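Hi everyone, thanks for making time.

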Amino acid sequence: MSADNLARTPHLTPGFTDSVTESQTVFRHLLEAMARPGTVQTVDIDIEGPDTLDRAATAIALALVDFETPLYLAPALATDAAETYLKFHCGTRITRDSMEAAFAILDKAPETLSGFNSGTDEYPETGATLLIQVDTVKAGGPLILSGPGIKDTTNIDLPEVPSAFWTARTAQQRYFPRGIDLVFVSGGSMVAIPRTTNVSLTAGKE
Amino acid sequence: MEPQASPPHSNERKRWMSILAKASYEDLNSLWQNLPDKPEWSRIRAPEIGMVMVRGRMGGTGNRFNLGEMTVTRCTVGLSCGLIGHGYVSGRNKDHAEVAAVIDALMQRKERAETVEHSIIKPLELRHLDRRKRASRKAAATKVEFFTVAREN
């Protein structure tokens, strides 16, 4: 019985206290981050989400994920508490099949991007958005970003992301407009790398 | 102490949820105000107003059809003991949804269920039945017979 299950949920915590204002704030931050790749945005909203999820990841999920966007959680993050929280507050379906997901929350950069939906040439907007949790996101570092929204180039530092990931991503970029959008989150901070952004490593740094 | 959740048997729960959903806010609130020893609660999902599609069946047996949309307000609260209550009520009254949610949570607590049943749920049910009886009596009294049209039942 679903009613019985809900009554025995593992301790459900509140979502946004003021859903309209707060989801608009989060949306605005994400829009800024996507429009200016490489800038670090900080979500300054106090939410008590599941333990396994970073605050920014929870906030983005609450603002964007709904019943039309299946969500994939990396096995390390998919605790009962996290699944219950997201199902209850977003009304979403948690999928085990990463190809089907419109959004995915991952605990580390995946080895390849081929496990996720990159859309079709007719409907590139159906490509997945990955929220990748890392320990540090900061501006200024070995990664050089260029492309739309960036004047000349900008640098960021994502120390936990292996260089093989960037190689795989570059290989996938030739299928543009198909592609996958990335948001790296850490605590309340986020930096977005949409599919249009070119990432290269500075020489000498692997 | 571990909260004593009475097994919220889905039919039982359906019954009290239905009564709370249909009760008028004035009735519910006056009974709620009289309830001693109110619990502490926090909002898990703040009251929000939305629409649901009401569906019907002609004569209760025909094919399903969409009757129309109605406004509902829902709210979810958590008691300090960890029990969670949901309130779905008709109309736009946010306090109504919140009180209904707290009562739903209380009804799941074994030691409180009986008191709440007697002081809130039962009286609301009687009032609802009474209103329904009056309405159907009025409808029956004004029933029109068309002699040229055969009635199916």
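Okay, let's start with one residue in chain A. Tyr175(A) sits in the loop that runs between helix 5 and strand 8 of chain A. Keep in mind that what you're looking at is a predicted model. Now look across at Thr120(A): 55 residues separate it from Tyr175(A) in sequence, yet the two C-alpha atoms are 9.6 Å apart in space.

The peptide bond joining Phe176(A) to Pro177(A) is cis, with omega at about 10 degrees. As background, most peptide bonds are trans, and most residues other than glycine have a negative phi.

Asp152(A) has a positive phi, near 55 degrees, and it isn't a glycine. You'll find Asp152(A) in the loop between strand 6 (138–146) and strand 7 (154–157) of chain A. Asp152(A) is exposed, since it has 6 other C-beta atoms within 10 Å and the cut-off for exposed is 12 or fewer. Over in chain B, Asp37(B) also has a positive phi, near 65 degrees. Its place is the loop between helix 2 (25–34) and strand 1 (41–57) of chain B. Asp37(B) is exposed, with 6 other C-beta atoms within 10 Å.

Back to chain A, and on to helix 2, residues 19–35. How far apart are its end C-alpha atoms? They're 24 Å apart, which agrees with the 24 Å you'd expect for 17 residues at 1.5 Å a residue. Which residues of this helix are buried? Those are Val26(A), His29(A), Leu30(A), Ala33(A) and Met34(A). Looking down the axis of helix 2 of chain A, the buried residues fall within an arc of 135 degrees, so they line one face of the helix. Turned away from that buried side are exposed residues, including Val20(A), Gln24(A) and Leu31(A). And what do the buried residues of helix 2 pack against? In chain A, their partners are strand 1 (41–42), helix 3 (55–64), strand 8 and strand 9 (189–193).

Now let's turn to chain B as a whole. Chain B has four helices and three strands, and from the N terminus the order is α-α-β-β-β-α-α. Its radius of gyration is 19 Å, well over the 15 Å that the globule rule gives for 153 residues, so chain B is more spread out than a compact globule. Along the principal axes, the C-alpha trace of chain B spans about 70 × 30 × 30 Å. Of the 153 residues in chain B, 26% are buried.

Last stop: helix 3 (residues 94–107) and helix 4 (residues 110–141) of chain B. Their axes come within 8 Å and cross at roughly 135 degrees. That makes helix 3 of chain B oblique to helix 4 of chain B. On the helix 3 side, the contact is made by Ile103(B), Leu106(B) and Met107(B). Helix 4 of chain B brings Arg112(B), Ala113(B), Val116(B) and Ile120(B).

Conventions. Residues numbered from 1 in each chain as written. Chains lettered and ligands numbered in written order. Predicted model: local features only at pLDDT ≥ 70, side-chain atom pairs only at ≥ 80, totals over all residues. Helix = DSSP H or I, 4+ residues; strand = E, 2+ residues; numbered from the N terminus. Rg over C-alpha atoms; globule rule 2.2 N^0.38 Å. Buried ≥ 20, exposed ≤ 12 C-beta atoms within 10 Å, placed from the backbone. Expected span 1.5 Å × (residues − 1). Arc of directions from axis to C-beta. Contact = placed C-beta atoms within 7 Å. Axes fitted to C-alpha atoms, helices over the stretch in contact; angles between N-to-C directions. Parallel < 35°, antiparallel > 145°, perpendicular 65-115°, else oblique.
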